[in-house]
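Here is a short report on one protein chain. Look at the model first, then read on.

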Amino acid sequence: MPDLLVKLYELPDDRWRLEQLRNDGITVRNAMAYEKLQIIEWIRENFGKAWAGECDTAFSNRPISCFIATKNAGLVGFACYDSTMKNFFGPVGVAESDRNKGIGTALLLRCLHLMAAVGYAYAVIGGTDSVEFYEKTVNAFEIPGSSPGIYRDRLY
Ligand SMILES: CC(C)(COP(=O)(O)OP(=O)(O)OC[C@H]1O[C@@H](n2cnc3c(N)ncnc32)[C@H](O)[C@@H]1OP(=O)(O)O)[C@@H](O)C(=O)NCCC(=O)NCCS
């Protein structure tokens, strides 16, 4: 699974997308510290221990480098940046029942706009098998020779 690179100085605007989701009852917003345990548990149940651990790390950053998507006061998606490595985006996940509604793109773009705002010029998408998703949404491109990248000699 390769790493990808994204130009943060050429990001699409995401305000209309957030508005559209809001009209459909879905809010994309910053994760708050008082929600940390619920969020991490939801990620562990839906996506496994490794991503739960990465998201936990995002809660140590200031500002907390995690965005969530909510519907009816429940969680339907999350995304993190500056977690496993500085300058890395991910992980991101959307509940199976709510995929293909634009939530993943909205979470991705919120994180990337924040990364641009704090001073990064590029973001690295760490070791992904969803290359097409990132190509389509933010024109990401593969970093040659980046697999396995930092994901080596890992515990299973
Ligand atoms: C990848 C993921 C976050 C996308 O979330 P989503 O809310 O379904 O994505 P969106 O609705 O914003 O999709 C945007 C576009 O990407 C496409 N797309 C979505 N997931 C895709 C995937 N895994 N591979 C290729 N294309 C994908 C959608 O069809 C859509 O295309 P369209 O605009 O032509 O209709 C979600 O499928 C998911 O949680 N997958 C499991 C976890 C995962 O693989 N995370 C990424 C690993 S780093």
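R44 counts as partly exposed, because its relative accessibility is 40%. The model is predicted. R44 sits in helix α2. Which residues does R44 touch, once neighbours within four places in sequence are left aside? The contacts are K49 and A52.

Now compare positions along the chain. R44 and C55 are 11 residues apart in sequence. Their C-alpha atoms are separated by 9.8 Å.

## Helices α2 and α3

Helix α2 covers residues 36-47, and helix α3 covers residues 49-58. Their axes lie 7 Å apart. The packing angle is about 155 degrees. Angles over 145 degrees count as roughly antiparallel, so α2 and α3 are roughly antiparallel to each other. Is their crossing left-handed or right-handed? The crossing of α2 and α3 is right-handed.

Which residues make this contact? From α2 come K36, I39, I40, I43, R44 and F47. From α3 come K49, W51, A52, C55 and D56. By class, the contact of α2 with α3 has 7 nonpolar residues, no polar ones and 4 charged ones.

## Helices α1 and α4

On the α1 side, the contact uses R17, L18 and L21. On the α4 side, I103, T105, A106, L109 and R110 take part. The contact of α1 with α4 divides into 5 nonpolar, 1 polar and 2 charged residues.

How many disulfides does the model have? The count comes to 0. A disulfide needs a pair of cysteine sulfur atoms within 2.5 Å. Take C66: the nearest cysteine sulfur is that of C55, 3.8 Å away. C66 is therefore in no disulfide. C66 is also buried, with a relative accessible area of 0%.

C111 is in no disulfide either. For C111, the nearest cysteine sulfur belongs to C80 and is 6.9 Å away. Is C111 buried or exposed? C111 counts as buried, because its relative accessibility is 0%.

## Two loop residues

E35 is placed in the loop between β2 (26-30) and α2. E35 is buried, with a relative accessible area of 12%. The cut-off for buried is under 20%. Which residues does E35 contact, leaving aside neighbours within four places in sequence? R29 and I68 are the contacts.

N72 lies in another loop, between β3 (66-71) and β4 (74-81). Is N72 buried or exposed? N72 counts as exposed, because its relative accessibility is 74%, and exposed means over 50%. What separates N72 from G25? The two residues are 47 residues apart along the chain. Their C-alpha atoms are separated by 7.4 Å.

Notes. Residues are numbered from 1 along each chain as its sequence is written. This is a predicted model: local features need pLDDT of at least 70, side-chain atom pairs count only at pLDDT 80 or more; totals for chains, interfaces and linings use all residues. Side-chain values use heavy atoms; hydrogens and water are left out. Buried means under 20% relative accessible area, exposed over 50%, partly exposed in between (1.4 Å probe, protein chains only). Contact means heavy atoms within 4.5 Å. Helices (H or I, at least four residues) and strands (E, at least two) are DSSP runs, numbered from the N terminus. Ala, Val, Leu, Ile, Met, Phe, Trp, Tyr, Cys and Pro count as nonpolar, Asp, Glu, Lys and Arg as charged, and the others, Gly among them, as polar. Axes are lines fitted to C-alpha atoms, for helices over the stretch in contact, and angles run from 0 to 180 degrees between N-to-C directions. Angles under 35 degrees count as roughly parallel, over 145 as roughly antiparallel, 65 to 115 as roughly perpendicular and the rest as oblique. A crossing is left-handed if the near helix is turned anticlockwise from the far one by less than a right angle, and right-handed if clockwise.
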